[in-house]
Amino acid sequence: MQQLENSLKTALQAAATAVFGLEIPAASLTLQPTRKEFAGSFTLVTFPLTKAFGKGPEQIGQALGEWLKAHEPRVSGYNVVKGFLNLEIADAEWLTVFGQLRAQPATAPVATDGPQRVVVEYSSPNTNKPLHLGHLRNNFLGYSVAEILKATGATVTKANLVNDRGIHICKSMIAYQHFGHGETPQSAGMKGDHLAGKYYVLFEKHYREEIKQLEAEGVASDIAKKSAPLMTEAQQMLQLWEAGDEDVVSLWRTMNGWVYEGFDETYHEIGVDFDKFYYESETYLLGKERVEEGLAKGVFFKKENGSVWVDLQAEGLDEKLLLRADGTSVYITQDLGTAELKYQDFGYDSSIYVIADEQNYHMQVLQATLKKLGKPYAEAIHHLSYGMVDLPSGKMKSREGTVVDADELVRDVVAAAKAATLEKGKTEGLTDAELEELYHLLGLGALKYYLLKVDPKKRMLFNPEESVSLEGHTGPFIQYSHARIAAIRRKAAELCISEAADWSGIASLDGTERELVQELARYPAVVADAARNLSPAVIAQYAYDLAKAYNRFYAEVSIFQETDATKRSLRVALSARVGEQIKASLGLLGIKVPERM
RNA sequence: GGUUGUGUAGCUCAAUUGGAUAGAGCAUCUGACUACGAAUCAGAAGGUUUAAGGUUCGACUCCUUACACGACCA
């Protein structure tokens, strides 16, 4: 396709020179796909040429089109509508294009001028409660962006920075000491992350009661919040933790261990993975070193109370606290350390942070601060900022118990996929294990597609009913197309119809076949676009368009009823290729495809 | 108050980065299974792209102002 476009551009230049004695400026020499209500495949917009050529847009289009038709065999016809020159491509050329793209596997890397060594940090959970719907968007985005970048040939490291320290962890621990009675995930029959979450909730509950109690005794609200016994205990525990107190560290290890087991299970279930784990408990000290470095270089400053700050007002930001007066670290302290560590480990030319857009300011501060420190890798930092997920009832709020739990949601979507599949009753012959795998693949296909089809930077609405839908613009729609193609391939194999044949005898293509080749051929450009914009939504849209085009083709022409053996083989080959590209593109979204469903 | 993001069909989302008559899905209505899988296909209806200006051959897209919603910083 790229070759075809390039030769068309060369031919257009030749036409302009031959007819007008002028060159088309490079900026105006861009071809766009012809809108489907007009004949043709590529369109040149001639409006921008009117001044230089001293002619009207239609006149230019006519003259260029006429010349191409006469001199360029790939162009079989043309039409001009106002300032748009639509070029029709000979069917023989489409067959050539198809032959060329078949020479490469669907998963062949797409060359781009993008980064070559990339770290994608995503997921990055707190260890005090289980994952929820918001984390799912994050996890699916991060996984997918990493896969998309891999598809451009980049070396990608998936990193997970676990927030395993801080006051919120201590809250769960304090509550466990008070109310736990030695409970374990085994004794409670509960996943470890949910157990830790249970105690976090218990802390909040009792803490609020204490505040209420104090307020009833006449203590002012803000003082009550600070002086409530549970909060005091949690803060003391944080200090003990930083001091390395044996008992506290031991409990911390135990509870975090439970949480990690729970997370592992969830990660496995939703099909995401990581090459490298970082723990804030191990990076915050390195962050403190960076703060010292900044002080020594004179780019940070110390206030009278001993706290350390960076002045970013020249960058359009504010003064920002880097280290508290008592020497304890804040969020950004450990981020400075982790950035350094990642660079030491992987020498990235792009470091992507998949973090919700509420952290936009924080990420600007991080990058600006690293620049102040003169870090060579500061420029390479990129915040993939995504919007929050809302529910039909509004924002998710843990206080109001409206948070959608990830494990529960996954169970729901799988159950919905199972119910729908049983209703269709098309899965005869599959074993129980295969069926379970199928339900899982479909349920997650629906959920992942639902969360990934929306432009990451946009806030999105999560409608539970639509998220398990299997029809229309959904993952299972695309998976269904793949299952159909798999059936076609099975039958073709049975009938010994070869996919590889010489199609030069085919005089003309059906419109749906032409459309399919075009759709197939633009895949590399789509991957490049998705990589440049870090947007799985671009891939999601493409996979849908491809499946849609295939379903049109499928309804329009018959494969096995076709009497012309050459055409029959072409159609099988087209089907096979579409199947492979559906599999490849959904793979970039972390979605698997079934052979039957 | 300051910074910033978003605003497109009843609803959820697109729009090749400034191009043609703004497209899909859901929901509503109509048609297609004795054809290779109907989780499909074909069609109808649905729009002052929040509002008002501006830039130009051309604006959902860029600029200005206002409005609405969100986030962040005090």
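Student: Which residues in H10 do Phe203, His206, Tyr207 and Glu210 in H8 meet?

Tutor: First, a word on the model: it is predicted, local features need pLDDT of at least 70, side-chain atom pairs count only at pLDDT 80 or more, and totals for chains, interfaces and linings use all residues. Residues are numbered from 1 along each chain as its sequence is written, while chains are lettered from A and ligands numbered from 1 in the order in which they are written. Helices (H or I, at least four residues) and strands (E, at least two) are DSSP runs numbered from the N terminus, and two residues are in contact if their C-beta atoms, placed from the backbone, lie within 7 Å. In H10, the partners of those four H8 residues are Pro229, Leu230 and Met231.

Student: How many nonpolar residues does the contact of H8 with H10 have?

Tutor: Ala, Val, Leu, Ile, Met, Phe, Trp, Tyr, Cys and Pro count as nonpolar, Asp, Glu, Lys and Arg as charged, and the others, Gly among them, as polar. The contact has 1 polar residue and 1 charged residue, and its nonpolar residues number 5.

Student: Are H8 and H10 roughly parallel or oblique to each other?

Tutor: Axes are lines fitted to C-alpha atoms, for helices over the stretch in contact, and angles run from 0 to 180 degrees between N-to-C directions. Under 35 degrees counts as roughly parallel, over 145 as roughly antiparallel, 65 to 115 as roughly perpendicular and the rest as oblique. H8 (residues 192–216) and H10 (residues 229–242) have axes 8 Å apart and an angle of about 130 degrees. The pair is therefore oblique.

Student: Is Lys212 buried or exposed?

Tutor: Lys212 belongs to helix H8. A residue is buried if 20 or more other C-beta atoms, placed from the backbone, lie within 10 Å of its own, exposed if 12 or fewer, and partly exposed in between. Because 12 other C-beta atoms lie within 10 Å of Lys212, this residue is exposed.

Student: Which residues does Val80 contact, leaving aside its neighbours within four places in sequence?

Tutor: Val80 sits in strand S3, and its 20 C-beta neighbours inside 10 Å make it count as buried. Its contacts beyond those neighbours are Glu58, Gly61, Gln62, Gly65 and Leu85.

Student: What is the phi of Lys82?

Tutor: Most residues other than glycine have a negative phi. Lys82, in the loop between strand S3 (75–81) and strand S4 (84–89), counts as exposed with 12 C-beta neighbours inside 10 Å. Its phi is positive although it is not a glycine, near 50 degrees.

Student: Is Leu534 buried or exposed?

Tutor: Leu534 also has a positive phi, about 50 degrees, without being a glycine. Its place is the loop between helix H20 (523–533) and helix H21 (536–556). With 24 other C-beta atoms within 10 Å, Leu534 is buried.

Student: How far apart are the C-alpha centres of domain 1 and domain 2?

Tutor: An automatic or database assignment sets the domain bounds. In chain A it gives domain 1 (2–89), domain 2 (280–346 + 361–373) and domain 3 (406–588). Between the C-alpha centres of domain 1 and domain 2 the distance is 56 Å.
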